Amino acid sequence: MTRLRAQILAVVALAAAFQVVVPYLSLPVGRGVSDVFVIVLIGFGAYTYLRRVPFERGRHRAAVLVGVGSCSLWTFANVIYLGNEFHAMPPAVTVAGAMSIGAALLLPLGMHLNAPPVPGAERYRGFLDVAAVSGAVFAITWVYILEPARHAVDAVMNAGFVTALTLPEVIAAAVALVTMSRHLPDQTGRAPRLLGAAAVVLACTALMAVRNGVEDLPWYTAGAGGGYTLAAGLVAVASRLEATRSTRAGTERHFSGVWALLPYVPIVLAVAATAAEQVHRRSLAPVLVWVLLGTFSLVLVRQFLTVSIVGRLAVTLQRQQSALAYQARHDALTGLPNRAAFHEVGNELVEQHGTVVVLLLDLDGFKPVNDRLGHAAGDEVLVEVARRLSAAVRPGDLVTRLGGDEFAMVLAEPATEEAGHDVAERVLRSLSEPMRALGEPVRVGGSIGLAIGGGELGELLRQADIAMYAAKADGKGRVSRAA
């Protein structure tokens, strides 16, 4: 990260230094030096992208190919511009202008391909964001470029020509800002964000250059001199960075901290510019009013979509939390509460009733079923045992599977030895009935240990465990009370 920061700072320093020096250079020399900087930097980017083509696949390969195309167009355009400084070539300059616009449009496309794909409704919200941001940027462009162009004396820089120049830059800046606002990985997300920054810088520089032409200012005014160098340098740095490897952007698309606020910046600036225009002129052009109405309508639709997405996420999250809570407290095979639920609910019964009866059941004859018919048959037996236990106990009693072929029951209200023996005998009678597993008749029984008291549930379970082994030692298929 330190190396990347140093490269970016070097590019910024070069652009700033050129911006400071360019007013002292002659017009042809200043533009020629700018062209040379762009040719070297963006040519390096084209070369780097070209070398990466054989090593990339799928979406990343498409992103690299778009990078090659954008950088190549930009390089050739500036070669033509540089040649024009030595020998005027109006037709070639027109072609170079078209190539520059093509490069500017490909740059955010490459950035978009560098980022993870966006699924479902997030994609539609991305389209709304691009449209809303485009409207906001167009409103700013109208106030500071298009409106002055309507009154420009220069026949070349008329409103129609200026509009044709600015619209691609408006769209490119909008796509870049929206893509930069997405949730991207910390490491591999640097490439698309750096390309986005380059696209925004290039768009702003191109718009400033058009404004300078409209108002007949020096071409480098307001940062347009160093802007092209800065954008080219950022692309050159980004060409060496690894593409984003995450598969999908997911629901973090617009909930990723400060970056998520990025599309709102041009909207806020558009409001400020419009307010200033209203104060200055006491009126707004109809085009500007309709653009702003359309922009804020899109923002409103976007917010409705956001509320819908957040609502669905909340419902899904609640369902997942309920499912996880159920899974954490229930046995996956039988659906009975598990050991954790035994202690949690059992302790609540102890606190509520003071005295409880704990019955610990260990199946007799279960291992032969597993050995003869396999684990699938054993699972069927366990499910049937769970069903019979649930039918044998009383309402309000707790039946759990502790693991393996061990089941525990907590009886309350009344929690007497007589009630415990009654339930235990019903359980044993129920288990004595024949059952089938994988179509085969099987028989299992059970030995039950009984403990009664109002102390620690874990201690009652230990006593019931001792009593259960005593029942097995006495011949199995019976109930034994803890001493």
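R387 and E384 join their side chains in a salt bridge, with N and O 2.5 Å apart; a salt bridge here is a side-chain nitrogen of Lys or Arg within 4 Å of a carboxyl oxygen of Asp or Glu. Both residues belong to helix 13 (residues 375–392), where they stand 3 residues apart, about one turn of the helix. Helices (H or I, at least four residues) and strands (E, at least two) are DSSP runs, numbered from the N terminus.

The model is predicted: local features need pLDDT of at least 70, side-chain atom pairs count only at pLDDT 80 or more, and totals for chains, interfaces and linings use all residues. Residues are numbered from 1 along each chain as its sequence is written, and side-chain values use heavy atoms, with hydrogens and water left out.

## Salt bridges

Side chains of opposite charge can pair when their charged atoms come close.

| Pair | N to O distance |
|---|---|
| R387 and E384 | 2.5 Å |
| E417 and R481 | 2.7 Å |
| E56 and R52 | 3.5 Å |

In the pair of E417 and R481, whose N to O distance is 2.7 Å, E417 belongs to helix 14 (residues 417–432) and R481 to strand 7 (residues 479–481), so the bridge ties together parts that are 64 residues apart in sequence. E417 is partly exposed at 33% relative accessibility, and R481 is partly exposed at 35%. The classes are set as follows: buried means under 20% relative accessible area, exposed over 50%, and partly exposed in between (1.4 Å probe, protein chains only). By that scale, E56 is buried at 7% relative accessibility, and R52, its partner in the bridge, is buried at 15%. Elsewhere, D362, D364 and K472 are linked in a network of salt bridges.

## Nonpolar cores and the surface patch

In soluble globular proteins, nonpolar side chains tend to be buried together. A nonpolar core is taken as a set of buried Ala, Val, Leu, Ile, Met, Phe, Trp, Tyr and Cys residues joined through side-chain atoms within 4.5 Å. Which members of the largest core touch the most other members? Among its 55 residues, they are I42, W74, L107, L194, L195, V235 and L288. Helix 5 (residues 120–150) gives the most to this core, contributing 9 residues. Another core lies apart from it, with 32 residues that include A386, M435, A437 and V479.

Contact is defined by heavy atoms within 4.5 Å. With residues up to four places away in sequence not counted, L288 touches A139, W142, V143 and T274. T141 is located in helix 5 and is buried, at 3% relative accessibility. Its contacts, leaving aside neighbours within four places in sequence, are given as L146, T166, V170 and L207.

On the surface, L261, Y264 and V268 form a nonpolar patch with about 280 Å² of accessible area together. Patches are made of residues with over 30% relative accessible area and no salt bridge, with like charges joined within 9 Å and nonpolar side chains (Val, Leu, Ile, Met, Phe, Trp, Tyr) within 5 Å. Accessible areas come from the Shrake-Rupley method with a 1.4 Å probe, and for residues only the protein chains shown count as cover. Y264 lies in helix 9 (residues 264–281) and is partly exposed, with a relative accessible area of 31%.

## Cysteines

How many disulfides does the structure hold? The count is 0, a disulfide being a pair of cysteine sulfur atoms within 2.5 Å. For C71, the closest cysteine sulfur is that of C204, and at 19 Å the separation is too far for a bond. C71 is buried, with a relative accessible area of 2%, whereas C204 is partly exposed at 38% relative accessibility.

## Backbone geometry

The peptide bond from E413 to P414 is cis, with omega near -10°. P414 is placed in the loop between strand 3 (406–411) and helix 14.

Positive phi values occur at D216, with about 55° although this residue is not a glycine, and at A222, with about 60°, likewise not a glycine. D216 lies in the loop between helix 7 (190–214) and helix 8 (224–238), and A222 is also placed in the loop between helix 7 and helix 8. D216 is exposed, with a relative accessible area of 70%.
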